[in-house]
Amino acid sequence: MGSHHSICSFVEINGDVLPLTEELIATVMDMVTKLNEDGMRVLAIAQKNNVPDENVFSIKDESNMVLIGYMGFLDPPKDSAVSAIKALYEHGVDVKVLTGDNDIVAKKICKDVGIPIDNVVLGIDIEEMTDERLYETASKSSILAKLSPMQKERVISILQNNGHVVGFLGDGINDSQALKQADVGISVDTAVDIAKKSADIILLEKDLNVLEKGVIEGRRVFGNIVKYINMTASSNFGNVFSVLAASAFLPFLPMLPIQLLVQNLLYSISQIAIP
């Protein structure tokens, strides 16, 4: 929408084609901003009156066109988004929105679902930043708008390099790189194929509250793995250490290999309780 000047030189109002003046551009942009503030994405519609004869069109033909209107698309947040986001915050998971949409639309949607809207960063600002500076900015911001697919991927990898585990939920072509880069890429059943292929997890239900269950379950499993490793290590360390110490003083083997194995087996049976 930003490049009216280069594409449209005229505007059609009530059947009359008039030159697109600065004043009319301001009116159009006001309207677009209003629609954005209602959470709508806006597409401009234009036509070309003096079409060249040959049927070969290129980008350069998108000039001197007549603006005839615009369409607003509403892409409302899922009902389950509010409770899912609240639950994630309660479990210490920070939520950030990385979007190709503009900041006005992103702010409206975030406000509706309970994501803070104070710090907004645009893709154009990120482009120039060093990694350190971007990490500082991305840590403080909940909304990163007008991002290219490459920028989404860069934000995720910088958060990862600073010790964060990052999950990314996306369903579009623009999300595939970010889904691949994230520690956990999550997509939905209705996503485009490339997003589904790039994801680690595909949500089959239209309910985001499953994210909370996933986080809790993941933490439990991770905790249990750590417990299991600690138990195994301490048991084996004890065995090896006592055998070593005893062999230094005793003329015979303090424990036969078969005894060690039986002890390990009994130990493993007790560990079944963990999983």
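**Exercise 1. Which residue forms a salt bridge with lysine 196, and how exposed are the two partners?**

Solution. The side chain of lysine 196 meets that of aspartate 189 in a salt bridge, with 3.8 Å from N to O, where the term requires a side-chain nitrogen of Lys or Arg within 4 Å of a carboxyl oxygen of Asp or Glu. Lysine 196 has a relative accessible area of 26% and is therefore partly exposed, a class lying between buried (under 20% relative accessible area) and exposed (over 50%), computed with a 1.4 Å probe on protein chains only. Aspartate 189, at 40%, is likewise partly exposed.

The model is predicted, so that local features need pLDDT of at least 70 and side-chain atom pairs count only at pLDDT 80 or more, whereas totals for chains, interfaces and linings use all residues. Residues are numbered from 1 along each chain as its sequence is written, and side-chain values use heavy atoms, with hydrogens and water left out.

**Exercise 2. Is the pair of rings of phenylalanine 237 and phenylalanine 241 stacked or edge-to-face?**

Solution. Rings of Phe, Tyr and Trp (its six-membered ring) pair if their centres lie within 6.5 Å, and planes under 30 degrees apart count as stacked, over 60 as edge-to-face and the rest as tilted. The centres of the rings of phenylalanine 237 and phenylalanine 241 are 5.7 Å apart and their planes stand at 20°, so the pair is stacked. The two residues lie 4 apart in helix H10 (residues 210-249), about one helical turn, and both are exposed.

**Exercise 3. Is glutamine 151 buried or exposed, and what is it in contact with?**

Solution. Glutamine 151 belongs to helix H7 (residues 149-161), and its relative accessible area of 8% makes it buried. Setting aside neighbours within four places in sequence, glutamine 151 is in contact (heavy atoms within 4.5 Å) with Gly123, Glu127 and Lys146.
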